[in-house]
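Visitor: Hi, could you walk me through this structure?
Guide: Happy to; here it is.

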Amino acid sequence: MAVTGILLVLFLIAHMLGNLKVFTGETSFDHYAHWLREIGKPLLPGVWFLWILRTVLVVAVVAHIWAATVLALRARAARPVKYAHRKKVRGSYAARTMRWGGVIILLFVIYHLLDLTTGTLNPVGDASNPYGNVVADFAPERWYVTLFYTLAIVAVGFHLRHGAFSAFRSLGQQTPRGERRARNAALILAVALCAGYLVVPFAVLTGLVS
Amino acid sequence: MNLTLRIWRQKGPEDKGRMVTYPVDDVSPDMSFLEMLDVLNERLILAGEDPVAFDHDCREGICGMCGLMINGDAHGPQRGTTACQLHMRQFSDGETIDIEPWRASAFPVVKDLVVNRNAFDKIIAAGGYITAPTGSAPEAHSTPVAKANADAAFESAACIGCGACVAACPNGSGMLFTAAKLTQLSLLPQGQPERYTRVIGMVDAHDEAGFGGCTNAGECTVACPKGIPLNTIGRLNRDYLKATAVRGDTPGS
């Protein structure tokens, strides 16, 4: 869980930084989007690097889900008879919602790929004009899309708040002081990523980016 | 105090079991929780009924025998105490209290509220000991131990093996117990020779016993009557990673 999770967090950070290029203007953003498809040229032909990256991400996602499923099945097998009276997990809301939060994030990722990668569900869906796709996507009359994106990003934030700490712990973080640091780092990461991702749709919604 | 108890009754391992309601009147707030159950049992015996079976021994919070899920809390609502140290003043008059056994496939119910915690013994047998020549006690100062390590090892050694961590864990994992039993040895010089084979053996025994996997949810450390800290599990993870990834060790001491 920890290793695949860290790979996915690294992608999330890179993706967020790329998104923020939307504030540098249409030409710059579109140029960045086209560059993404051509990284590694001329060493690698065409979109090879992109597909290598996609393969790594898909493997990481599948391995992450596989590990989570194994843990969930083990948890179910470990307690065949449920408690009649059970208090909620006191650890944290984030820890309690890891599994269903993960399912929500998966559904969002599928929608997100259909929306802004293939363009199937996008009102413009023009692969050569990513800036236009983004602006059309979060237009004020499509407020429900922005709402769904916001909920999904907040779900990612909660997932990271417990997930990042849990990854440190799984990889051997062992002192009480380190635990406080790891929890704070996880919280900062979650908040920073949430803010970085949400600023784009809200900038479009408020007309800051058009 | 007048209370209504809803207690898990199960005649034996094969019985399906059910929650049964018992009214208990005239309970003193100064009684311990187990004394309140004693009162109930005396009345049941006088009425010719089968008394409620529950585990107990020292009744001062150090043996680890008593373990009850009280209103969904392992060892009841008070933090840092076992069920025998819990007093009825923690409850209010007229309250309904649900009492259930630990729920884990590795802890099968023997009868009513009594579970078989033999799985913990198997984890200990897989490495929870050191190999040392016995005989006369060695000179205490011949092996220096850093104060910080001695304190952390002692913190883990406070584990009484009651099973509250497993009972409270949303995954039914026994990782806090396993980590505590590892840490009390791995931080001391006497525990070093078998340190890495021990961690593999004990984690394997833990998994074989049917406990769930740890997801660092942190519920165990809240329920633990001895306050074993969650970072103990990080210590186990670090030793396990070193043993498997770096050293390529195999279980066995």
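Guide: We can go through the chains, the sheet, the domains and the cores in turn.

Visitor: What kind of model is it, and how are things labelled?
Guide: This is a predicted model: local features need pLDDT of at least 70, side-chain atom pairs count only at pLDDT 80 or more, and totals for chains, interfaces and linings use all residues. Residues are numbered from 1 along each chain as its sequence is written, while chains are lettered from A and ligands numbered from 1 in the order in which they are written.

Visitor: How many helices and strands are there in chain A?
Guide: Chain A has eight helices and zero strands. Helices (H or I, at least four residues) and strands (E, at least two) are DSSP runs, numbered from the N terminus.

Visitor: And what does chain A span along its principal axes?
Guide: The C-alpha trace of chain A spans about 55 × 45 × 35 Å.

Visitor: How much of chain A counts as buried?
Guide: Of its 210 residues, 23% do. A residue is buried if 20 or more other C-beta atoms lie within 10 Å of its own, exposed if 12 or fewer, and partly exposed in between, with C-beta atoms placed from the backbone.

Visitor: Switching to chain B: what is the strand order in the open sheet?
Guide: Five strands of chain B run in the order β2-β1-β5-β3-β4, with mixed pairing. Two strands pair if DSSP finds at least two bridges between them. β2 (18-24) and β4 (73-74) of chain B are the edge strands, each with a single partner, so one side of each has no neighbour in the sheet.

Visitor: In which sense do β1(B) and β5(B) pair?
Guide: Parallel, over four bridges, with β5(B) covering residues 96-100. B:Arg6 stands opposite B:Asp98 there.

Visitor: What about β3(B)?
Guide: β3(B) pairs with β5(B) in the antiparallel sense over two bridges, and B:Ile70 stands opposite B:Ile99 in β5(B). With β4(B), strand β3 (residues 69-70) of chain B again pairs in the antiparallel sense over two bridges. B:Ile70 has B:Asp73 as its bridge partner in β4(B).

Visitor: Which helix lies across β1, β2 and β3 of chain B?
Guide: That is helix α1 (residues 33-46) of chain B, running at about 90 degrees to β2(B). Axes here are lines fitted to C-alpha atoms, for helices over the stretch in contact, and angles run from 0 to 180 degrees between N-to-C directions.

Visitor: How is chain B divided into domains?
Guide: Into domain 1 (3-111) and domain 2 (117-246), with bounds from an automatic or database domain assignment. The C-alpha centres of these two domains of chain B lie 29 Å apart. Their contact takes 17 residues from domain 1 and 18 residues from domain 2; residues are in contact if their C-beta atoms, placed from the backbone, lie within 7 Å.

Visitor: Which residues touch the most other members of the largest nonpolar core?
Guide: B:Cys165, B:Val166, B:Leu176 and B:Val199, out of 69 residues. A nonpolar core is a set of buried Ala, Val, Leu, Ile, Met, Phe, Trp, Tyr and Cys residues joined through C-beta atoms within 7 Å. Helix α5 (residues 175-186) of chain B gives the most to this core, with seven residues.

Notes:
Contact = placed C-beta atoms within 7 Å.
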